[in-house]
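Q: Could we go through this structure together? I would like to begin with the overall picture and then look at particular residues.

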Amino acid sequence: MLRGISGSFPVSTPDNPSLDMWDFSSLISLWINRFYIYLGFAFGFSLWICFQIVIRKQNKNSQEKTVPKASRDLMTNGYISLQKKEVFVSGVKIFYGSQTGTAKGFATVLAKAVSSLDLPVAVINLKEYDPDDHLVEEVTSKNVCAFLVATYTDGRPTESAEWFCRWLEDAANDFRFGKTYLKGVRYAVFGLGNSAYVSHFNKVGKNVDKWLWMLGAHRVMSRGEGDCDVVKSKHGSIEADFTAWKARFISRLQALCKGERKPCGGNCKKGKCESNQRGSEAVEPGSHAQEGSHQRGAEEEPFGSTSEEESGTEDHQSLKSVIDVEDLGKIMDRMKKEKREKERQEGETSLIRSAVKNEASERRAMITPALREALTKQGYQLIGSHSGVKLCRWTKSMLRGRGGCYKHTFYGIESHRCMETTPSLACANKCVFCWRHHTNPVGTEWRWKMDQAEMILKEAIENHQNMMKQFRGVPGVREERFEEGMTVKHCALSLVGEPIMYPEINRFLKLLHECKISSFLVTNAQFPAEIRNLKPVTQLYVSVDASTKESLKKIDRPLFKDFWQRFLDSLKALAAKQQRTVYRLTLVKAWNVDELQAYARLVSLGNPDFIEVKGVTYCGESSASSLTMANVPWHEEVVRFVCELVNLIADYEIACEHEHSNCLLIAHKKFKIGREWWTWIDYSRFQELIQEYEDSGGSKTFSAKDYMAKTPHWALFGANERGFDPKDTRYQRKNKSKDISGC
């Protein structure tokens with residue numbers, strides 16, 4: 001065994017001393033060449049490391065090809081964590097300030113549109129919002145704030161937005177807040193107004209936009225301006241204006257959600273669109289604040305732009321000042337293409353303009369779809385594009401034998417044969433006591449599509465008769481009165497609006513008289529030239545709602561800047577009329593009942609034949625008016641006012657009374673023959689006189705006394721019937737004593 005082992009390995013023995021020498025020399029050699037050995041090991045280890053790196057890289061590439069990019073996981077310490085998606089818009093807050101409910105309705109519509117983008121949305125009434133505590137929170141919230149604000153009387157904000165606007169204005173002008181107080185807030189503004197009020201059209205919207213900008217907020221899109229004037233409205237109505245702005249807002253919101261900093265103008269190089277740059281260039285949370293700060297000088301202006309195009313979409317300004325020669329050909333081709341496109345568009349525009357000039361009928365209709373819907377719900381039968389007719393409640397009452405209106409008591413109108421209509425739904429005032437709650441359009445001149453007078457009268461009579469037919473066979477309706485009512489005898493041009501604005505009003509009146517229909521026309525004393533040019537009517541009314549400039553502005557809220565001069569000129573024009581003229585005073589308690597001396601001066605200016613004094617009628621709560629039942633005077637208060645007024649004006653006395661309508665009639669003494677009043681009208685005689693006037697070409701005139709008739713006793717002031725016709729037995733009164741001393 002030992003022998004075998006010794007044969008396999010060299011063994012040092014006394015007989016073989018070379019073995020010891022070999023072992024020693026080998027060790028010396030290894031020691032001397034140790035660096036080469038180290039180098040070999042290092043080289044081999046390096047090759048192994050490189051080999052491992054290559055293998056891992058190949059495995060990673062193959063994994064990226066098989067796994068979708070959106071679902072890749074990052075492996076960290078044995079845990080799987082999903083890549084976090086950056087949020088650019090966390091939600092939308094819609095603030096509204098409304099008086100009539102329009103802005104509130106728009107806010108609701110906008111909220112539904114925003115919800116379709118799967119974004120949180122909140123609709124906030126500015127009346128319930130405290131900007132001092134909460135507005136600064138929007139700096140870091142990543143919300144987009146939309147402000148829908150209406151302009152109210154004299155360019156003031158609505159009651160619900162009054163405090164917010166006051167706070168915003170104070171903050172914008174307070175140096176302690178500074179120009180960066182709202183830096184980071186992103187906002188858009190849509191204003192609601194009426195361009196008929198030229199001096200303060202959309203003033204609130206413009207101010208809110210300006211004040212937010214002054215505090216450092218960033219405007220994400222141009223301000224929208226809704227216009228109630230269908231003629232000047234950019235899209236035909238305020239609803240259409242809002243719809244167009246809403247579409248742009250939603251489009252801009254979608255771009256913001258993607259992280260785009262500004263709308264792309266289409267001039268960026270392929271793959272290098274500046275609007276899509278995010279990450280390090282679009283800076284972290286609150287990047288919109290920083291982006292807003294560096295764009296404010298070039299992109300924004302204090303009052304904003306109202307154009308359809310967004311800022312930042314300039315064409316050739318985005319080109320670099322230094323252009324590569326190899327890119328010059330492409331740029332020239334693009335410029336030529338744009339030039340050809342511009343010429344084509346200009347050609348189309350010129351064709352459109354010429355077509356508009358050649359077709360006057362292309363004017364916008366006064367009645368918009370929204371207005372048509374609102375008026376139809378109120379019982380109007382609309383005619384053409386700007387007229388309407390409605391059945392008066394006194395017409396229904398007299399059909400049943402329940403009494404007629406005050407015109408029946410004062411002037412002998414047969415209420416069941418009276419058609420209440422208007423050839424113009426538009427008005428130049430927005431009176432606080434408007435019984436139509438301002439659903440009709442407003443304007444200072446005729447700028448709408450115009451219908452022919454023949455068509456208006458024909459359809460007005462047809463619609464009136466169709467409404468009358470609904471009472472055939474109704475219990476209580478008197479058969480003889482129903483048959484009489486099917487033939488129109490009187491026309492009250494006082495339904496709504498300003499009939500005298502209709503350019504063909506004289507033609508319309510002539511057609512009425514040819515049909516043996518009497519005419520009672522009411523005007524709001526803002527069109528003196530039209531009053532002077534008006535042909536004879538049966539009776540011409542002027543509304544005298546106040547006696548001073550301040551109170552008239554407060555009550556009538558006229559559109560004209562020179563409303564007071566127009567008012568006075570209208571009264572002077574009335575004095576020159578030879579037919580019957582009437583002042584119509586509407587008393588509003590706590591508004592215009594203490595101006596007796598001023599009323600007396602106005603009476604001397606226009607010298608009307610009659611003065612109707614009526615207590616205001618409360619038509620229910622309306623967001624467009626602050627009137628309540630407290631503003632409605634009692635009949636005794638109206639009587640007291642009339643008695644005091646009569647004492648201040650010479651040649652006038654109280655003639656008639658209609659207690660149910662809370663109305664009294666003051667008449668000039670020339671209509672009192674002996675001890676009897678002649679305030680009624682001989683309608684047959686009027687038709688004869690107007691026919692003679694037309695046959696003579698207007699040279700044969702006539703006066704108010706030429707067609708007067710005797711007033712029945714029951715219609716007189718102080719009578720026991722209190723103005724109710726004894727024929728209508730339902731309204732017969734018991735004998736009542738009335739103290740009329742001092743009248």
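The conversation below moves from the whole chain to single residues.

Q: What kind of model is this, and how are residues numbered?
A: This is a predicted model, in which local features need pLDDT of at least 70 and side-chain atom pairs count only at pLDDT 80 or more, while totals for chains, interfaces and linings use all residues. Residues are numbered from 1 along each chain as its sequence is written, and side-chain values use heavy atoms, with hydrogens and water left out.

Q: How many helices and strands are there?
A: The chain has 22 helices and 22 strands. Helices (H or I, at least four residues) and strands (E, at least two) are DSSP runs, numbered from the N terminus.

Q: What share of the chain is buried?
A: Of the 743 residues in the chain, 47% are buried. Buried means under 20% relative accessible area, exposed means over 50%, and partly exposed lies in between (1.4 Å probe, protein chains only).

Q: What does UniProt place at residues 35-55?
A: The unreviewed UniProt entry gives a "transmembrane region" there. UniProt positions are given in the numbering used here, feature names are shortened, and annotations may be inferred rather than shown by experiment. In the model, residues 35-55 are 100% helix and 0% strand, and their end C-alpha atoms lie 30 Å apart.

Q: Changing topic, how many salt bridges does the whole structure have?
A: A search finds 21 salt bridges. A salt bridge is a side-chain nitrogen of Lys or Arg within 4 Å of a carboxyl oxygen of Asp or Glu.

Q: Where do Glu373 and Lys377 sit?
A: Both are in helix α11 (residues 369-377), and because they are 4 residues apart, about one helical turn separates them. Glu373 is partly exposed at 47% relative accessibility, whereas Lys377 is exposed at 68%.

Q: Which residue does Lys458 pair with?
A: Lys458 forms a salt bridge with Glu462 (2.8 Å, N to O). These two residues are 4 residues apart in helix α14 (residues 453-469), so about one helical turn lies between them.

Q: And what does the bridge between Lys589 and Glu637 link?
A: The closest N and O atoms of Lys589 and Glu637 are 3.0 Å apart. The pair links distant parts of the chain, 48 residues apart: Lys589 is in the loop between β15 (580-587) and α20 (596-606), and Glu637 is in helix α21 (residues 635-646). Lys589 is partly exposed, at 26%, and Glu637 is also partly exposed, at 23%.

Q: Which residues form a network of salt bridges?
A: Asp209, Arg219, Arg223 and Glu225 are linked in this way.

Q: Now the interior: is Gln539 buried or exposed?
A: Gln539 counts as buried because its relative accessibility is 0%. Gln539 belongs to strand β14 (residues 539-543). Beyond four places in sequence, the contacts of Gln539 include Tyr411, Phe520, Arg580 and Ile681. Contact means heavy atoms within 4.5 Å.

Q: Which members of the largest nonpolar core touch the most other members?
A: They are Val544, Phe567, Leu585, Ile611 and Val613, in a core of 87 residues. A nonpolar core is a set of buried Ala, Val, Leu, Ile, Met, Phe, Trp, Tyr and Cys residues joined through side-chain atoms within 4.5 Å. A second, separate core has 29 residues, including Tyr411 and Phe686.
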